[in-house]
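Colleague: I have a model open here and would like to go through a few spots with you. Could you take them one at a time?

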Amino acid sequence: MNRAAVIVIGSNSTRLLAADLAPGLPNPLRGREETRLLLSLKEDGLLSQEGMEHTAQAVEKLCGLAARSGAERVFLLATSATRDAKNREEFERLLFKQSGLSLGLLSGEEEARLAFAGASGLLPEGTRGVLDIGGGSTEVVVGDREIKQARSLQMGAGRLMKMRRVDSPQDIAPARQHSDRVISTLPYLRAGHWAMVGGTGTVLMHMLLGLPQGSEVPELFPVKKQDAEAMLRLVALTPREKRGGIPGLPPERIDIMPTGLVILLSVMDRLAIEKISITTRNNTDGFLISLLQQ
């Protein structure tokens, strides 16, 4: 059996995908831990000791899942929050001590490339676009069989939340101003079909379906801009302590979900996207697909 796994330390969550290295990535096992690494990144540019230790423990747990699933190789990657950290080498040493894995750092463009590789195959032939809203950055990539343009922007759901929380409808406009200021630097990328990967998208899908996390969901779920606007209004109108009662919104996302939706709407307006399809695939799929193609 040729089976591999990849763990990606994102700015908001840490994800695992283990699968057989064959077309379609058979027998997948997914895991996820809410690690909120970006929120532990202090103003001096250092990750807090607590944040690093919490994430290292999550990586160790996911590494154990991968090993028990039969993975012969396990890769460890990190994204925006780790890229930004001035004490990244200390974090790398802690991760190695905890899990035995050496850390690979993804650039913003590599994040975009892996998101595209993971999700674009679900879309019809032609020019395809993939959007990945993370905790610390947002990646937008357009291509057909190959990538034509890729952009990584320093604006993610956690980063925006640190700038401006959305705890009422009145908070939406100021948060949107912060988001638009960065998203407006995007060139006018065009695609016939768009897919969205990442936590903001998958939680939005569960909210629209009214299903708890972990439920079986479609592989590709189309969402109109007005659907995202309606969910943003609902979350903003609901006091934070009561948001756990919104179907499909997990407790660990009650504070960060509205800023993720703000960024989504910024991108949809900037690129004139009226409909985008959400998928549970992500950059972990893209990494294993790239590994398979090698």
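Colleague: Where does S48 lie?
Modeller: Keeping in mind that this is a predicted model, S48 lies in the loop between β3 (29-34) and α1 (49-68).

Colleague: And is S48 buried or exposed?
Modeller: S48 is buried, because its relative accessible area is 16%, and buried means under 20%.

Colleague: What does the side chain of S48 reach?
Modeller: The side chain of S48 reaches the backbone nitrogen of G51 at 2.9 Å, and, leaving aside neighbours within four places in sequence, S48 is in contact with S40 and K42.

Colleague: Changing topic, how many salt bridges does a search of the whole structure find?
Modeller: The search finds 21 salt bridges, and one of them is between the side chains of D84 and R159, at 2.7 Å from N to O. That pair links distant parts of the chain, with D84 in helix α2 (residues 80-84) and R159 in helix α5 (residues 157-163), 75 residues apart.

Colleague: Which is it for R159, buried or exposed?
Modeller: R159 is buried, with a relative accessible area of 15%, whereas D84 is partly exposed at 27%.

Colleague: Last one, how do strands β7 and β8 run?
Modeller: Strand β7 (residues 138-143) and strand β8 (residues 147-153) run antiparallel and are joined by six bridges, while a hairpin of three residues connects β7 to β8.

Colleague: What is the bridge partner of V141 in β8?
Modeller: The partner of V141 there is A150.

Technical notes. Residues are numbered from 1 along each chain as its sequence is written. This is a predicted model: local features need pLDDT of at least 70, side-chain atom pairs count only at pLDDT 80 or more; totals for chains, interfaces and linings use all residues. Side-chain values use heavy atoms; hydrogens and water are left out. Two strands pair if DSSP finds at least two bridges between them. Helices (H or I, at least four residues) and strands (E, at least two) are DSSP runs, numbered from the N terminus. Buried means under 20% relative accessible area, exposed over 50%, partly exposed in between (1.4 Å probe, protein chains only). A polar contact is a pair of N or O atoms within 3.5 Å; within protein, one must be able to donate a hydrogen and the other to accept it, and residues adjacent in sequence count only if both atoms are side-chain atoms. Contact means heavy atoms within 4.5 Å. A salt bridge is a side-chain nitrogen of Lys or Arg within 4 Å of a carboxyl oxygen of Asp or Glu.
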